[in-house]
Amino acid sequence: MPISGLVITFDSAVHDQPEAIEFLRHVSEIEMGQAAGNKLAIVIESKSKRRDQEIWNAIRALTGVIDLAVALVAFDEDNELENNNPIRNQT
Amino acid sequence: MMDSKRRRFLKSAAMAAAGSLVTSNGSLPIVHADQAVDDLPTGDGLVWNKAPCRFCGTGCHVQVGVEAGRVVAIAGDKAADVNKGLLCVKGYHVGGILYGKDRLTKPLLRKQGKLTEIGWDEAIEIIAQRILDSPETFAFYGSGQWTIPEGYAAQKFMKGGLGNNHIDPNARLCMASAVTGFIATYGVDEPAGCYQDLDECDILITWGNNPAEMHPVLFSRVTDRRSRGEQVTIIDIGTRRTRTTDAANEYLEMKPHGDVAIALGIMHLLIENDNYDKSFVEKHCNFRGAEAVKPTLQGEQISETEFRKRIAKYTPGHVEQLSGIPADKIRMLADLFGNPGIRITSLWCMGMNQHTMGTAINSLVHGVHLLSGHFGRPGDAPTSLTGQPSACGTVREVGTLAHALPGGRLVAKPEHRQQCEGYWNLKPGSINETPGYHTVKMFEQFTKPTSEGGDITTLFVQVTNPGQTLPNLNALFNDKKNLEDKFLIVSEVYPTATTQLADLILPAAMWVEKNGVFGNSERRTQQWFKMVDPPGEARDDCWMTIAVAHKLFEMGHEGMRDQDGEFIFAVKDDEGNEIPIWEFEHYYDTNVDKHLFEEYRQFTTMKHKNLAPYDEYVKARGLRWPVVEQDDGSWRETRFRFAAFDDPFVSEGQDFDFYHSSTEDGRAQIWFHDYAPPPEQPDDEFPYWLCTGRVLEHWHTGTMTRRLAPLNRAMPTAYVEMHADDAKAANIRQGETVLIESRRGSCELPVWIDGRGRPPRGTIFVPFFDETKLINRCTLELHDPFSKQPDYKKCAARVVKMAAKSVAEVQQ
């Protein structure tokens with residue numbers, strides 16, 4: 001169950017991005033924080049790394065988003081993909 | 001699972017960390033290396049400590065949160081000048097690389113084809129005995145992921161202890177041409193500038209380079225400036241469109257090898273238009289060309305008149321023919337370089353280095369900057385990047401290359417050998433004068449039968465994966481499987497393509513499971529402490545080297561004793577008693593890294609790459625060498641070398657001083673190299689250019705990032721990028737599996753049309769991260785004559801529809 005603190009950089013001031021802000025407000029796992037200029041701090045607390053990645057991808061795809069950077073991430077375990085290739089299973 | 005209290009705790013920390021990065025009017029914070037990080041949560045047993053990221057050569061610092069002996073959180077380190085608190089998607093997941101389910105935890109010996117668990121004592125004895133039986137046929141292969149103390153220990157063990165120079169790193173495959181380019185131009189390796197150039201340039205030119213994916217935090221320093229309203233023009237010169245192209249103002253799509261012609265064309269126009277920087281050139285530069293017979297990095301002096309004569313043919317029209325870049329764009333580039341009022345930074349990495357003219361193109365791009373005077377001011381710099389976290393620190397500075405010694409010394413020079421023997425307190429003549437085998441030659445000799453002259457019989461591989469990264473794998477690696485007298489030892493963290501053929505596998509500690517020191521792309525030396533224990537019986541690579549050395553010492557190998565009869569890695573306590581660091585239970589009785597670093601530090605002054613004492617790095621988020629002690633006892637780093645305003649070694653009264661000039665006159669060399677076509681080009685049989693490279697989500701061969709589910713889901717398989725028209729002409733659909741073939745081998749891959757990268761017609765691109773799809777079976781081992789670095793960026797290949805081949809043909 002990952003927790004991540006992210007910084008979204010928009011192509012103009014945060015208050016000029018109503019559609020993106022509206023999207024972020026409607027994702028229950030996202031908590032919005034401080035905004036300054038064209039940067040906005042958010043925290044994602046999701047149930048799985050898959051969901052975390054989905055949210056991450058959706059934010060990156062939002063109109064006006066030019067960068068998404070990580071400030072902090074906490075994790076308890078990695079649910080590594082099962083992999084049956086022979087290189088993994090040689091030992 | 002996290003409990004709710006800790007989740008709340010970490011959530012507030014995440015918000016605080018993100019919130020602090022959006023202050024300062026939206027710009028990235030200005031930070032200082034000794035700044036405390038005081039807003040991360042502590043308590044409940046959670047402890048934070050600094051470390052450089054394990055992945056690329058950028059050298060971002062992270063804060064690592066450890067609880068109950070396990071890494072549980074990663075934060076960008078706001079006190080780190082490199083990344084100012086930010087991380088890329090790989091850095092974000094770096095803590096998870098320790099916890100893949102298939103970590104190697106016990107030494108494994110192959111017996112009758114089957115891997116069997118053995119103890120460490122037996123493993124060390126087997127290695128030492130093989131070396132003792134035939135010391136001259138032993139080779140050590142490492143990487144730019146060796147920490148500085150690990151590389152230094154390996155170097156001393158081989159060249160000092162065994163008198164054997166067959167030690168080389170995988171960095172030979174990624175940045176050797178950058179080294180030869182710097183040495184040919186300035187007489188000394190590594191960039192003069194630093195990342196501050198990215199903050200201050202007006203123009204950023206990426207030469208065959210995709211920093212948006214490969215060095216994303218660095219690239220964000222540029223895009224962040226744009227987001228603040230600053231004008232930064234990005235010109236992307238490449239052979240395919242990438243994410244960097246998406247951010248570029250101008251994309252110049254060149255033919256493979258076209259970069260050589262472009263650089264020559266710019267220099268031709270600077271001369272022709274008489275707008276080069278005459279004052280800078282007259283005061284600080286010589287002109288140089290390759291010798292007609294047996295060319296060397298030294299070259300021969302040529303006059304400016306001769307330089308003008310040689311370069312005259314590289315007119316915009318001719319360069320257009322060679323490079324495919326329109327003549328007016330060559331003029332545009334020359335006009336930019338001819339404008340002293342702007343600041344231009346050139347950035348490159350594998351595109352210019354993995355090149356059969358790698359030394360030439362590196363030297364030529366330096367020449368463009370020197371000729372135009374775009375050098376030595378913040379923002380005016382020719383800068384190469386590295387792909388590994390310590391390619392600079394461990395390979396280039398410690399000198400873990402077959403021809404080199406620490407401190408920029410060379411094995412071929414008697415006075416250099418004597419210096420090293422002096423520092424190491426060895427008998428005169430201990431160090432062999434003959435350079436060892438470079439990477440391609442080392443593996444040729446290992447995979448060639450002994451009866452046919454293959455004179456490497458035992459090969460020890462640490463921290464790298466040659467079974468996936470070597471070019472022409474069928475010839476240079478896979479042939480080992482049929483040679484019973486060849487013995488491959490692999491120290492690794494996970495099973496890899498290399499361990500598949502290993503006779504002895506040693507489980508290794510990684511990253512914060514051990515102490516370490518890295519050196520990043522901007523000359524920044526970075527230290528960290530061990531934070532968690534490695535799993536099972538995994539142990540430090542440095543300990544393995546010392547343990548083998550001591551076993552040889554016990555067996556009576558004279559090279560493992562210094563002139564006083566002491567073990568060459570002897571470490572003593574305050575009472576003068578030797579600490580048995582070759583026994584793992586005593587390895588951390590002292591800080592072995594610190595002992596090795598302080599010994600190595602003596603070498604660093606010889607090329608003015610001075611390092612500070614180890615304890616200074618404990619306090620800092622890295623320091624850029626040369627680091628020089630001040631009158632008040634503090635240590636000052638250097639951002640810009642050779643420029644009087646910042647470099648303490650510039651002679652008084654000079655504005656610039658290339659104090660390691662190969663011509664010993666304080667001048668840099670502006671080289672002329674003629675364009676030569678690539679050695680293998682598409683033809684009727686193999687009609688495509690094949691280019692290989694990396695992707696954002698995976699680091700190199702994916703041994704770490706493929707164990708991270710989010711990254712693996714985002715990029716689960718290698719693929720071949722094709723132009724839509726090429727696919728249509730061949731009746732190939734999106735996602736269809738095809739066979740990529742070259743004269744050396746083949747690889748099955750799904751097709752990605754108009755994907756993340758967009759190659760032009762006639763070019764295909766394949767990333768090399770996927771251990772199940774080894775594209776290096778197809779690549780070419782031909783290499784640059786000076787750097788010996790192979791060209792992974794261009795060879796001839798064909799794309800075959802699977803249905804068009806019989807099963808028997810596919811199996812061949």
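## A tour of chains A and B

Start by selecting B:H608, which sits in the loop between α24 (592-601) and α25 (614-619) of chain B. Keep in mind that what's on your screen is a predicted model. B:H608 isn't a glycine, yet its phi is positive, at about 55°.

Next, select B:W511, in the loop between β19 (504-507) and β20 (516-519) of chain B. Here is another residue other than glycine with a positive phi, this one near 45°. B:W511 has 27 C-beta neighbours inside 10 Å, so it counts as buried.

Now pick B:W625 and B:P626 together and look at the peptide bond that links them. That bond is cis, with omega near -5°. You'll find B:P626 in the loop between β22 (623-624) and β23 (628-629) of chain B.

Select B:C53, B:C56, B:C60 and B:C88, which an unreviewed UniProt entry annotates as "binding site". They are spread over 36 residues of sequence but cluster in space, with a largest C-alpha distance of 10.7 Å.

Zoom in on two of them:

- B:C53 is in the loop between β1 (47-52) and β2 (61-67) of chain B. It is buried, since 29 other C-beta atoms lie within 10 Å. Skipping residues up to four places away in sequence, B:C53 touches B:C60, B:V62, B:G91 and B:V94.
- B:C56 is also placed in the loop between β1 and β2 of chain B. With 27 C-beta neighbours inside 10 Å, B:C56 counts as buried too. Leaving out neighbours within four places in sequence, its contacts are B:M214, B:H215, B:G387, B:P389 and B:W699.

Last stop: colour the two chains separately and go to where they meet. Chain A puts 44 residues into this contact and chain B puts in 53. Which element gives the largest share of chain A's side? That's β4(A), with 8 residues. Sorted by class, chain A's side has 20 nonpolar, 12 polar and 12 charged residues.

To see a bridge pair, select A:V73 and its partner in β3(B), B:I74.

Methods. Residues are numbered from 1 along each chain as its sequence is written. Chains are lettered from A and ligands numbered from 1 in the order in which they are written. This is a predicted model: local features need pLDDT of at least 70, side-chain atom pairs count only at pLDDT 80 or more; totals for chains, interfaces and linings use all residues. Two residues are in contact if their C-beta atoms, placed from the backbone, lie within 7 Å. Helices (H or I, at least four residues) and strands (E, at least two) are DSSP runs, numbered from the N terminus. Ala, Val, Leu, Ile, Met, Phe, Trp, Tyr, Cys and Pro count as nonpolar, Asp, Glu, Lys and Arg as charged, and the others, Gly among them, as polar. Two strands pair if DSSP finds at least two bridges between them. UniProt positions are given in the numbering used here, feature names are shortened, and annotations may be inferred rather than shown by experiment. A residue is buried if 20 or more other C-beta atoms lie within 10 Å of its own, exposed if 12 or fewer, and partly exposed in between; C-beta atoms are placed from the backbone.
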